[in-house]
Amino acid sequence: MERQTKVAPWKFAVLLILTTFVMGIAFPVGKMGLAYAPPFFLMGIRYVLAGGLLAIFAGRRPRPKGKMSWLQVAVIGLCQTAGVMGFCYYSMHWITASESSIITFMSPLLVIVLGAVLLRNQYRARQWIGVIIGFIGVISTLGFQLRLQGGIVLGLAGALCFAAATLLIKRWGAGLDAIVLAAYQMLFGGVILLLLSGMTERPAMVLTPASIGILLVLVILCSIVQFSVWFYLLGQGDPAKTSSFLFLVPFFGVLSSWLLLGEQIRWYVGVGGALIGVGIYLVNGGGQRVKAKEAAKVREGAVI
C-alpha cells in the first residue's frame, strides 16, 4: 500500500520547496568556501558541527537501539554525507557549481536503476523512458560530450551515493527518529571526511568574517535545516516520489550559482536540466508495478 502523506499537502509542498532551495544554494556557497579551506576539511567541519549541534538538540529523542541500528546510521552517513558531499564538492575543482548540482541530483533516476538491479523492483515502461530521457539530459549538460574527466566522474559518484542513501533510508529509516538519524549520520559522515582530509589534504581553514559566515550558512541552513526537513519529508510521504522532486535542486543550484558566482548558464546546460526534470517527472508518474491478480487479492483481503 502506498504511504500516505501525514501532513497537509500545502505544508508538504512548502517544505519540499524550502529544502530543495537550501540544497541548491549549498553548491555555490560551498564553492565560495573552497577559497578558504580544502573540500574534505570544509565538509568535515561542516558536518561534525552540524551533527553535534543537532544531536544535542535531539538529546531527549529516542536513539537507535542496538549495534545494528547504529551501524545502519553509520552506513547512511557514509553514503549521504561523506559520499555525496565529499564527491560533489571535490568535483567543483574541475567543473562549475551548476554542472555539479545537475549531475549530483540525477540521483532519482539512479534510484530506479539500483532498485531494479539490486532489489529486483519492477517499474513501468514510462519510468524507464524517464530514465533514458534523464540520462540524455546529463549528456546534454556535459555539452553532448562524454568526457569522463575528474570532475564529472566525481559528480556521478556523488549521484550514485545519493541514490544508494535514498534506498537505505527507505529500507532502514522507518525504525529511526528522523531528527536523530539526520544528526548522527551527519556526525558519522563528518568524521569520515575529516579522516580523509588528514590523509589527503592540509586540514586548515583561513578564518575571516567571510569564511565564518560561509561556514555558518553551511552548518545551520544547508545542514541542520536541510537534513532535518528532508528526512522528515521522507518519513511523511512515499520516499521514491518525494525524492523525485530533487529535480528542483539543479534549478535552484544553477540560478543561485549565476547570482552568487556569476557563472554563465550555457544553453546546453539549461536543455540538460530541463530533460532531467522531464525524466524525473516520468519516473514519478507511477510506483512499482503490481500485478492485477495480486492487487485483486489485496482488495479481497481488505473486504474479508
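Helices (H or I, at least four residues) and strands (E, at least two) are DSSP runs, numbered from the N terminus.

**Ground rules.** I'm working with a predicted model, where local features need pLDDT of at least 70 and side-chain atom pairs count only at pLDDT 80 or more, while totals for chains, interfaces and linings use all residues. Residues are numbered from 1 along each chain as its sequence is written, and side-chain values use heavy atoms, with hydrogens and water left out.

**Overall.** I counted 13 helices and 0 strands in the protein. I then looked up burial (buried is under 20% relative accessible area, exposed over 50%, partly exposed in between; 1.4 Å probe, protein chains only). Buried residues are 50% of the 304 in the protein. For contacts (heavy atoms within 4.5 Å), I took those with a separation of 6 or more, and 90% of them join residues 24 or more positions apart.

**Core.** The largest has 60 residues, and L42, M43, M85, Y89, L218, W230 and F231 touch the most other members. Two or more residues each come from α1 (9-33), α2 (39-57), α3 (66-91), α7 (150-172), α8 (178-200) and α9 (209-236). The largest share, 12 residues, is from α9. I checked L42 too: leaving out residues up to four places away in sequence, L42 touches G30, G33, L34, A37, M205, L215 and L218. Apart from this core lies another, of 18 residues, including I102, I112, L114 and I276.

**Helix α11.** Which helix gives the largest share of the nonpolar patch? I got α11 (residues 248-261), with 6 residues. The patch covers about 750 Å² and is made by M32, F251, L255, W258, L259, L260, L261 and I265. Patch members have over 30% relative accessible area and no salt bridge; like charges are joined within 9 Å, nonpolar side chains (Val, Leu, Ile, Met, Phe, Trp, Tyr) within 5 Å. A salt bridge is a side-chain nitrogen of Lys or Arg within 4 Å of a carboxyl oxygen of Asp or Glu. Areas are Shrake-Rupley with a 1.4 Å probe; for residues, only the protein chains shown count as cover.

F251 counts as exposed because its relative accessibility is 51%. In α11, V249, P250, F252, G253, V254, S256 and S257 are buried, and their cover includes α1 and α4 (97-104). Just after α11, G262 has a positive phi of about 70 degrees.

Notes:
Core = buried A, V, L, I, M, F, W, Y, C linked by side-chain atoms within 4.5 Å.
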